[in-house]
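Good morning, everyone, and thank you for making time for this.

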Amino acid sequence: MIIVMLGAPGAGKGTQSKVLQDHLHLVHISSGDLLRENIRRGTALGKTADEYITKGELVPDKLMIDMIVARLGEPDAEQGALLDGVPRTLPQAAALDDALDQMQKKVDSALYINVDDGVLIERLSSRLTCRARGHVFNLKFNRPQVEGICDYDGSELYQRPDDTPETAQKRLEVYFEQTRPIIGYYRDKGVLCEVNGDQYIETVTWELQNCLR
Ligand code: AP5
Ligand code: MG
């Protein structure tokens with residue numbers, strides 16, 4: 001099963017993917033986490049991606065699709081995957097369909113977490129992210145048990161450099177311009193399910209699971 005998580009920056013794609021991956025026994029593939037890992041390791045992809053991410057812009061489609069197709073070919077993704085952050089443009093959505101077609105797979109479900117813009121900036125500016133595996137916390141809405149430490153793997157929590165109000169605002173603009181059209185793409189294919197993301201995290205999870213029943 002291939003599931004695509006859709007929603008604006010801060011909508012809760014990462015938060016919900018971490019919960020759903022355990023329930024569904026699917027690997028969570030986050031394009032943002034993969035890029036940040038490349039930046040940390042200083043790879044050529046990481047160096048290029050860093051220039052775009054710092055400005056709140058999208059990394060070029062070709063780089064993203066090559067990265068995701070390679071990741072989908074790894075053994076742990078054989079049974080399927082939860083894709084978080086990709087596709088993010090119409091060309092990426094079409095390229096993903098082509099690549100999945102060659103693997104005799106398809107997008108089975110697109111889960112759209114809808115949250116009003118006003119809430120998003122507040123969530124992003126108070127977010128803390130786990131250094132090791134991308135678990136997400138929030139100083140206002142979802143605090144870790146021990147300050148500065150990830151509940152799940154004990155690693156350090158940090159603030160993503162693209163979570164400053166200016167860059168977050170730019171990411172939202174890019175989202176509305178370039179990413180939101182793919183909601184219609186999946187709606188036309190009959191695989192879209194929309195939930196209200198401005199509810200308790202557990203309620204959102206429950207509604208997303210209902211989408212998949
Ligand atoms: P990426 O890392 O994917 O960032 P994003 O899409 O901007 O999404 P976020 O991770 O910011 O938000 P999220 O929806 O995961 O929310 P979260 O669960 O953390 O991408 C980063 C950059 O990489 C992009 O800007 C781009 O440059 C590049 N990139 C990545 N993919 C690309 C692609 N395909 N093409 C081109 N470029 C690409 O939640 C946010 C906060 O809210 C957390 O603090 C959380 O605790 C809190 N929260 C979550 N749910 C709730 C709730 N229900 N109530 C209250 N608080 C909540
Ligand atoms: Mg995320």
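Predicted model: local features only at pLDDT ≥ 70, side-chain atom pairs only at ≥ 80, totals over all residues.

Residues are numbered from 1 along each chain as its sequence is written, chains are lettered from A and ligands numbered from 1 in the order in which they are written, and side-chain values use heavy atoms, with hydrogens and water left out.

Which residues are the closest to ligand 1? They are Thr15, Glu57, Arg88, Arg127 and Arg171, out of 35 residues that surround the ligand, where being near means having a heavy atom within 4 Å of it. The shell divides into 14 nonpolar, 12 polar and 9 charged residues; here Ala, Val, Leu, Ile, Met, Phe, Trp, Tyr, Cys and Pro count as nonpolar, Asp, Glu, Lys and Arg as charged, and the others, Gly among them, as polar. Helix α2 (31-41) gives the most to this shell, with 4 residues, and α1 (13-24), α2, α6 (117-125) and β6 (136-138) each supply at least two; helices (H or I, at least four residues) and strands (E, at least two) are DSSP runs, numbered from the N terminus.

Looking at individual atoms, a side-chain N or O atom of Thr15 is 2.6 Å from an oxygen atom of ligand 1, and a polar side-chain atom of Asn138 lies 2.7 Å from an oxygen atom of the ligand. Val59 uses its backbone instead, with an N or O atom 3.0 Å from a nitrogen atom of ligand 1. Taken alone, ligand 1 exposes 1,000 Å², and the protein buries 97% of that, with areas from the Shrake-Rupley method and a 1.4 Å probe.

Now to the helices. The axes of α6 and α7 (residues 165-179) come within 10 Å and cross at roughly 140°, the axes being lines fitted to C-alpha atoms over the stretch in contact, with angles from 0 to 180 degrees between N-to-C directions.

Finally, the backbone: most residues other than glycine have a negative phi, and most peptide bonds are trans. His25, in the loop between α1 and β2 (27-30), has a positive phi of about 55° although it is not a glycine. The peptide bond from Val86 to Pro87 is cis, with omega near 5°, and Pro87 is found in the loop between β3 (81-84) and α5 (90-102).

Notes
Polar contact = N/O pair within 3.5 Å; in protein donor to acceptor, adjacent residues only side chain to side chain.
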